[in-house]
Structures are given as C-alpha cells and as structure tokens.
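Please keep the structure in view while reading.

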Amino acid sequence: MSSGPNFIEEIVEADNASGKWKGKVHTRFPPEPNGYLHVGHAKSIILNAGLATKYGGKFNLRFDDTNPAKEEQEYVDSIISDVKWLGGDFEDRLFYASDYFDQMYVWAEKLIEKGVAYVCDLPPDEMSRQRTPQSPTGTLLPGIDSPFRNRSVTENLDLFRRMKKGEFAPGKCVLRAKIDMASGNINLRDPVMYRIVKEHHHRQGDKWCIYASYDWAHGLEDSIEGITHSICTLEFENHRPLYDWFLDQLGIHHPQQIEFAKLLFTHTILSKRNLRRMVADKIVAGWDDPRMPTIAAFRRRGYRASALRTLIETLGVTKNESVIDIGRLEEAVRNDLASVPRRMAVLDPIKVVITNYPAAQVEQLELDNHPKDTAAGKRSVPFSRELYVDRDDFMEAPTKDFFRLGPGREVRLRGAYWIKCENFVKGADGKVIELQCTYDPATRGGENPPDGRKVKGTIHWVSAAHALTAEVRVYERLFAVEAPGAAHEDTEARPAFMNDLNPESLIVRNNAKLEPLLGSAKLGDTFQFERLGYFNVDLDSKPQALVFNRTMSLNASTPAKENARPVVAAPAKPAKSESKPAAAAPTPPPSEIEFGDFTKVVLKAGKVKAAEKVEKADKLLKLTVDLGEAAPRTIVSGIAEAFAPDQLIGRNVVVVTNLKPRALKGIESRGMILAAGSGKALQLINPGDVVPGSDVK
RNA sequence: UGGGGCGUCGUCUAAGGGUAGGACAUCAGACUUUGACUCUGAGUAUCGUGGUUCGAAUCCACGCGCCCCAGCCA
C-alpha cells in the first residue's frame, strides 16, 4: 500500500531539504460555505491535514466567504463538523476570509498607487468582449485595452473609495488589475479584483458593498495565514500566474500553489448544483440521505473516517484526471468495518416451526461475536421451537447450486442446530408463510453430527418469540450507470442524470426481526448482520422503533438465485438494463462493457441507413445504423479504406451494441461494426437477411 | 484556433537511463459453522512514429487523444 511519497510530498520534502520555508509546513482547506462537503472535498481535507501531520506542520480551516450572495451559516456549521469528523485538526485555527477584508482593501489601494490597478466602467458584456475578441474563423485574438485603463492614480483612488462607500450601483464599475491584455492566458487580461455587491454578508453584515474576487483574495488569505503550500485542484492551474502576480506586486509572504487532480467516482454525481437539485426535488431525503455522496451522508450511513483516509491514501495523489470505480470506496468501507461485532437479523422473515423441538423449551446458545477475534468474546442468543429465517434462504424448487433450504433439504442454523425442511405452507396469496422442519439434537452449536453427514449451507436465524421488530433500510448505489447523465440530454424539467437513477437504491424492510441483544444498540453502533452486510443505527432510530441502515453489503461471489446470472445472458436493451439486482448480488453486471471485454459483448444485426466520410480522418466512416431501437445509432468505423460510403447503405451488418460510447474525431460512436481482415481486404461480417435488432449468436 | 495541463494492465498507481512492480477488479483453485473473511495461482499495460543510447515508460523531435480557461463564481 505504501508507495513512495506522492508528488506533493516530494515538493514538501525538497523544500524542507533546501530550507525554503525553514522546515515549516502550513496547509489549509478553504471551502466556500455554499453547500455540503462531499467525497471530493474529503480528498482535499485528508491531503492537506495529512501533510501537516506527516511533516509536523499546521493545518487551517478557512471559509472563503467572499461572495455574500451565496453563503450561509448552515453550511459553515456542517463544514466544521465534517472537517473534524474526517480528522482535520485545525485546533484553534478557524478563519474567515471576511476577517481580512480591511487588510485586502489597504493592499488594493497600494496597487492603485503603484499604477497597476484601475477602476473600469465597462459594462460586463462589453468587458467580456474586449477580453476575448475572436477572428471570423474563431481564433482567439489579443484583448483590447479598456478606455479606462489609463486613468490617473488620483482618479482611480477617488473612484475606488466611492465604490467602497456605496456611491455606485452594482455593475456600474469594478476595480481591475492592470496586467496584460495580450496574454494567451485570459486570466491575465486585466482581471477583476473588486465588484460591487449590495447583499447582506453572513458575518460582516452590511459593512461592505465591494467584495474581492477569488483571484485577488485567495493568495492574500494564504499569505496572511503564513501558508507554505497552497494546494488546490487542477482547474486553478490557469490562475496560478495571477496568484503569483498579486503576491509579487505586494511583496508579501508568497506561498506556493500546487494543483492536484480531484477525486471523482463512477456511479456518482458531485456537482453542488446537481446535489442541490436532488435534495430540492426530493429524490433523496436530504443532504445526509445515506445514498448521497456527502460527508454527512457517509457518516449517517455508517462509513467511518478511517475508511476514507485509507482509501485516499491508497489511491494516491497525482495530476492525472481519474475516475475511481465506486467499488473501491465500497471495498474500503467493508475492510474498515471487518472487525465489528457480528449479530443475526432476518430482513424478510418466513416462520420456521421445528416440529420435533419441545414447545416450551428455550435454550441460550453461545455464539462468537467475531469469527476470527476470540477477544471479542461470546454472546448468548435464545433458540426455541419457532424461528424466523430469510425468504432468500428458501426455494420451493431449489436449483442444484442453491445450498440453502428447500423441500427435503438440510442446512445448518448458524451456531444452533441442523434442520431439515419437511414441509412448507403457503398463504392465500400463494406466498410461502411457514416452513415445517425437524432438527437434529446431535448438532447442537451447529456441530457436525457423528454420522458424517454434510451440509453445504449455513443460514442465519432469529427466535420468533424473542425477536425485536425493526425497520431496516437497505441501500444500493443511487445511480445504475457508471456516468450518470452522460447518455442523455439535459432538459429544464429533467436534468440528464435523473434518467439514470437506480429505482432500487432504497428498499425499506419494516418487518425485520433482530436478535434481542440488538435492542441495546445505540446511535453510532455498527454490526455485521451475518451474511447480510454491515448495519448501523440510524438517526431516526428510537428505543421502541429501531431503525438500521445497511452501511454496506458483503461481497457476494455466487448468484443467490437462478435469475442473477451476470455473464453471457444479454439484456435486450443494454443502455438501460439491470435495474433489478437480486438482493444478494448487490453489484449489477455493467450494462456497458469496456472495449476488449469480449466475454460480455452483445451482438445485434443492424441495417446501415446512411454513411459518410469523416473530415480529417482517412480511415473513418460515420454510419447511421438501424438496430431496431427507438432511434438509429451513430457508429464511427475505421473501414473507409475498404468501402465507399455508398456501398454500405442498405447493407446488413453485425454491431457490438453494448460498448461504452467512444468519441472518434469528436463524433460519439455508440457501437462497433464487426469485420474481418484489414485495410482494403476488409470484409464485413454479414448476419444474413434478418430484422434489425435481432440477436446474433 | 490562443493559453494551461494530462496520457503506464479493465481502473487507480509505482518505476526519475538498467528485471515494467503493487492495489482494486476479473478468472481459476484452496479453506470455511457467514456463498463473507483469508490464502494460492492466472491473464492483461508504457498513446503513436522517428531519434539519442550498449540499454528508453523515463531524454529529444514531430504527431495523436483527453481535460481546463474565455463569470463582476470559487
């Protein structure tokens, strides 16, 4: 796990070796308080705080509250608790950019006096045009100087002071830095330092009507706090020259800005706008709904900070933009919870009557709290004639790879006895409501009987008379596809990502049966319910109305039922399949496979409707292919050397339909034409005279 | 088109002129009173083309691909 230092640590170590900061390391996490923190922020917090810890430095939490229109106290509070929960130890160093407004103002006047800042009266759209003029062919041209660029220092000072006093309406004018209107980096084309905003600030009230912009403010904030390494995400790379320019002009403490790639996950959306939308549209119950990617949601769901820290350490820190498989997070959570005590719970109960067990008898059986850790001790679990087992553990007509209960089948009840199903009873609705079983007294504790009989299955159970009834919320991934929204268009009514919601992301079991010891579980407690996963006590739980969340499923290596066979079987509509994973197979098969994953290809017959050459690509043809779907697909294929577009129209072809869409010469290709040979000798595979959309075997 | 950044197994990530290694995922097997955990094994990678060199993922050149910037957001 521990590989060498990451590139940021290398910089820090080099600085320590050269004495650049006299051995000091001081980092910071500078959120804007305009939303809840999510996993992406966790990386930044863990990275910054971790650096400070590792090199004996300090870590600050600072609210970058320079835009009064967007910021709220609610977010400040949630961010503070999230940072603390993640282990970001800022001690007493909780700061607000707004506390530096006076100092920033003094420095702004200094730049005006130096002649490198001026008040500009251009309206916003005009300023934008002058900063980014384009030639008729779309080439970016050098910017045009503002007519106000050469105002005198006296005039600028006067105007700026009047801006501060509130004499001008918002939008009337701004303070700009005088840098370089010809720079290729647009950020250097006289960026805005102050704009007029007449809004109530959450800490400053109505004291200010001019507010510093990010580029002007951020370096100053870092400088004031004595930050040494100012770590931010890649999109700020273009802003670094500005960061440096302001600090150089002022001649003040000059931290080094370092950029890294932010953390993204598959099956997840992270943009604040979209998260807000999900909360507003009640797709989820709130910012801390356990399906959300927020820190607050993770905490509520039962993830621990240590899982996140381990994960992020394992993933490393680079400048490669990467999307992490959400399975990595899930796996990290499982590993982190592995040591937690075991309990038994039945989510979807079927009653079991042990016909040869004495009606009045109750045994207290001793079960291990943890199978590997003897120090975790034992607990006592009552056993009696009537039990509950999970519906998933019984099949009326069991297949041969099903190891659990069925007519005539024998299984081990974990830590109790072997039982054999002799009969079952159905209710009026045809559902099985009761299993009649016999037990073998020679198997007490679940031990093997002396006659050498074997069973393959061990299942969990709960004594009916002693069971607690609880609500259990079973969570799955919120999105059914890797890249939510990617295959759809946004509309006003429905953002693209909403098309990819997993309809089974929450299943509530409100008649779950728990072993009695769970009655004393407190908020914050997590258990493994054997064979089901890790579960924690939810915020909504009350002593007489217990509520548990499934924090994470266990790995399931074998299909629980015959309908969950992920491999060869091809879904009819690969673009939106697999919305119904079986309960015990939480990881649905991917609907879009990677190029090269040949065991899972879905082949369909298609008819070419149109074909044309692709500009600037000798080998590519852009085909429109009817696959019997609602709309024909665009497929870009490298077959231009062998075929002219006209030759292809009307032809039947074989298409790999479940490839991940790929962009070829900027055209999104949704599928691949099957062909053999190469170059001019290329042959298309012909499916014969079949209907578009037919399966091809 | 201008400026900035990034390209290593399916996915992350090491290797800083000298055996392309690890993790996750996948597959196969062992073990198992959780179809879990654990253990063993397997396969698959340096964006391309040239060049320098005894030797290149690494250095050079030219391409190609992807991401970011053109808010008075951060």
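This is a predicted model: local features need pLDDT of at least 70, side-chain atom pairs count only at pLDDT 80 or more; totals for chains, interfaces and linings use all residues.

On the α4 side the contact is formed by Trp107, Lys110, Leu111 and Lys114, which meet Trp245, Phe246, Gln249 and Leu250 of α8. Sorted by class, this contact has 5 nonpolar, 1 polar and 2 charged residues.

The crossing of α4 and α6 is right-handed. Tyr105, Ala108, Glu109, Ile112 and Glu113 of α4 take part in the contact, and α6 supplies Val153, Asn156, Leu157, Phe160, Arg161 and Lys164. These residues of the contact between α4 and α6 comprise 6 nonpolar, 1 polar and 4 charged.

Helix α8 deserves a further look. Its buried residues are Leu242, Tyr243, Trp245, Phe246, Leu247, Gln249 and Leu250. Besides α4, the buried residues of α8 pack against β5, β6 (192–196), α7 (214–224), β8 (229–233) and β9 (256–260). Just after α8, Gly251 takes a positive phi of about 65°.

Strand β5 (residues 174–177), one of the elements packed against α8, pairs with strand β4 (residues 117–120) in the antiparallel sense over 4 bridges. Within this pairing, Ala117 stands opposite Ala177 in β5. In a regular strand the side chains alternate between the two faces of the sheet. In β4, Ala117 and Val119 lie on one side and Tyr118 and Cys120 on the other. Both faces of β4 are covered, and these four residues are all buried.

Elsewhere in the chain, an open sheet of 7 strands with mixed pairing runs in the order β21-β18-β19-β20-β14-β17-β22. Its edge strands, β21 (458–459) and β22 (462–463), each pair on one side only. Within the sheet, β14 (residues 349–354) and β20 (residues 432–440) pair in the parallel sense over 4 bridges. The bridge partner of Val352 in β20 is Leu435.

Most residues other than glycine have a negative phi. Lys282, although not a glycine, has a positive phi of about 60°; this residue belongs to the loop between α9 (272–280) and α10 (295–301). Lys282 is exposed, with a relative accessible area of 68%. Arg531, likewise not a glycine, has a positive phi of about 70° and is found in the loop between β25 (526–529) and β26 (533–537). Arg531 is partly exposed, with a relative accessible area of 36%.

These details can be set against the chain as a whole. Chain A has 13 helices and 36 strands, and 50% of its 697 residues count as buried. Of the contacts in chain A with a separation of 6 or more, 69% are between residues 24 or more positions apart.

Note on methods
Residues are numbered from 1 along each chain as its sequence is written. Chains are lettered from A and ligands numbered from 1 in the order in which they are written. Side-chain values use heavy atoms; hydrogens and water are left out. Contact means heavy atoms within 4.5 Å. Helices (H or I, at least four residues) and strands (E, at least two) are DSSP runs, numbered from the N terminus. Ala, Val, Leu, Ile, Met, Phe, Trp, Tyr, Cys and Pro count as nonpolar, Asp, Glu, Lys and Arg as charged, and the others, Gly among them, as polar. Buried means under 20% relative accessible area, exposed over 50%, partly exposed in between (1.4 Å probe, protein chains only). Two strands pair if DSSP finds at least two bridges between them. A crossing is left-handed if the near helix is turned anticlockwise from the far one by less than a right angle, and right-handed if clockwise.
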